[in-house]
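Subject: Structure handover

Hello,

Here is the structure I promised to pass on. Please open it alongside this note.

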Amino acid sequence: MPLNFEWHNGFAQLGNAFVTPLHPTPLPAPYWVGHSRAVAQQLGLPDDWHTAADALAMAVGNHVPQGAAPLASVYSGHQFGVWAGQLGDGRALMLGEVMTPETGLELQLKGAGRTPYSRGGDGRAVLRSSIREFLCSEAMHGLGIPTTRALCISGSDAPILREELETAAVVTRVAPSFIRFGHFEHFANNGLHVELKKLADYVIERYYPSCAQGLPEGHEAAAHLQGNPYAALLQSVSERTARLLAQWQAVGFCHGVMNTDNMSILGLTIDYGPFQFLDGFDPDHICNHSDHQGRYAYNRQPNIAYWNLFCLGQALLPLIGEQELALAALESYKAVFPQALMSRFGAKLGLSEVTDNDRTLIDDTLKLLAREKVDFPIFWRRLSHLVLTREPDAVRDLFIEREAFEHWLLSYSERLSQEDRGLAADLMLKTNPKFVLRNHVGELVIRAAKQKDFAPLQEVLALLENPYQEHAGFEYLASFPPAWASTIEISCSS
Ligand code: AMP
Ligand code: MG
């Protein structure tokens, strides 16, 4: 029995208003697709855990380990700006919470079959989107961006109908909690204020303990919140979300479906669907082909996050009491986000400290990139090398309009002269990744996996786990996207 966990199942103890106990629906003839050794270690599993007798059956949902109490949770949410009513775990089943020395970690099987919240869906996830979720969870972690993690991915040749026939897969997701803004909206919208309070108290007790004293996490005083625990919770979530969004923007990550049911109460990146890392820098880029209005375009993400926090604030209002306190808590987003963004982009430019005077340089850099839709990851990585070598050709070559580039380079060099170049380059090489999970890289892994060749998945995983390292021999996965990459269409269908 490899999965001899000490199960805790804190969320399940909230009771029937929150969860529906049910078992996963088995899949025929499962096989392994991939594993993350790092996540296994976090769970206290030995490296070879997946070779044990029950491991694959557990991962695909054919065997429920002893002590686990599988369940689906109910939530609601705003989708594309409109109240969508009840949603819930339509295809993700939580096995339970595993206690590790550091924290509790919930294990979820995504794609494990229908639940009472599946609505018209089949409860399944296809191999293609599961590979994208598995790899991107670990890629984000490698980049230092808060995210749900992925222990493993298993597959079955059971046919799954999307736009065409595909096959099934299950991702074993791991996070301290999968609670979303939508969980709070659900109970608030149904007028279930006792349950709403129970949920908020649980989240405070488990994840934001200082809020019980009316202190947002990381603050020693918060007179503006008048000791209100739920306003403190709202501010803590707002600040985490602000820092998360700054990290997304700085790495060129587009989430694609920032509905309130896809927003983590812990400020984690959650629910990888039609996400994309920018290739060329186009601030208006829309990665989700189903997002016709561009609601979730790259440059709108920060405002959408605030809009979503506002929904959370509204849901928490019955607990907070005073509207002014909720607004005061939300205000923190407007202070933390721009500051965090400046500091992220400052680091990308190699600045040890960012002041208001640097705002123009940062803005000008992004304008310069946007003018010619210059490749985002390649620009930053080459710039990091330029700072050390002082040889600008590799960066200059990215631009057609040389005059604009030379002009920018002059002002950048001037600012850089206030820095120690060695330290600046160090910072930049640790800030500007060489490897991000571009769509075409994911696509190469998916194509191989469809032929049952899973080696590229582990190979790409190794790059993404350490994306700031050079990884000699893998340049082709860090270079410009091939022409066919622009034909990849990513939609909500997964
Ligand atoms: P998403 O856009 O993936 O975040 O999903 C939105 C809602 O639809 C959530 O409640 C999901 O659980 C549900 N859902 C998505 N795909 C499926 C599916 N294939 N079967 C059942 N429910 C699904
Ligand atoms: Mg979702």
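Predicted model: local features only at pLDDT ≥ 70, side-chain atom pairs only at ≥ 80, totals over all residues.

Overall build. The protein has 494 residues, and 59% of them are buried. Its secondary structure comes to 15 helices and twelve strands. The radius of gyration is 23 Å, close to the 23 Å from the globule rule, so the protein is as compact as a globular protein of that length. The C-alpha trace spans about 65 × 60 × 45 Å along its principal axes.

Domains. The domain assignment gives three entries: domain 1 covers 7-178, domain 2 covers 182-346, and domain 3 covers 351-429. The centres of domain 1 and domain 3, taken over C-alpha atoms, are 41 Å apart.

Contacts and surface. Take the contacts with a separation of 6 or more: 73% of them join residues 24 or more positions apart. The protein exposes about 19,700 Å². Carbon and sulfur atoms supply 52% of that area.

Metal site. Which residues coordinate the magnesium ion (ligand 2)? They are Asn262, through OD1, and Asp271, through OD, at 2.0 to 2.2 Å. Are these two residues buried or exposed? Asn262 has a relative accessible area of 10%, so it counts as buried, the cut-off being under 20%. Asp271 is buried too, with a relative accessible area of 12%.

Best wishes

Key:
Residues numbered from 1 in each chain as written. Chains lettered and ligands numbered in written order. Heavy atoms only, no water. Donors = N, O, S within 2.8 Å, 3.2 Å for Na, K, Ca; no water. Buried < 20%, exposed > 50% of the residue type's maximum accessible area, 1.4 Å probe, protein only. Domains from an automatic or database assignment. Helix = DSSP H or I, 4+ residues; strand = E, 2+ residues; numbered from the N terminus. Rg over C-alpha atoms; globule rule 2.2 N^0.38 Å. Contact = heavy atoms within 4.5 Å. Areas by Shrake-Rupley, 256 points an atom, 1.4 Å probe, with all protein chains shown as cover.
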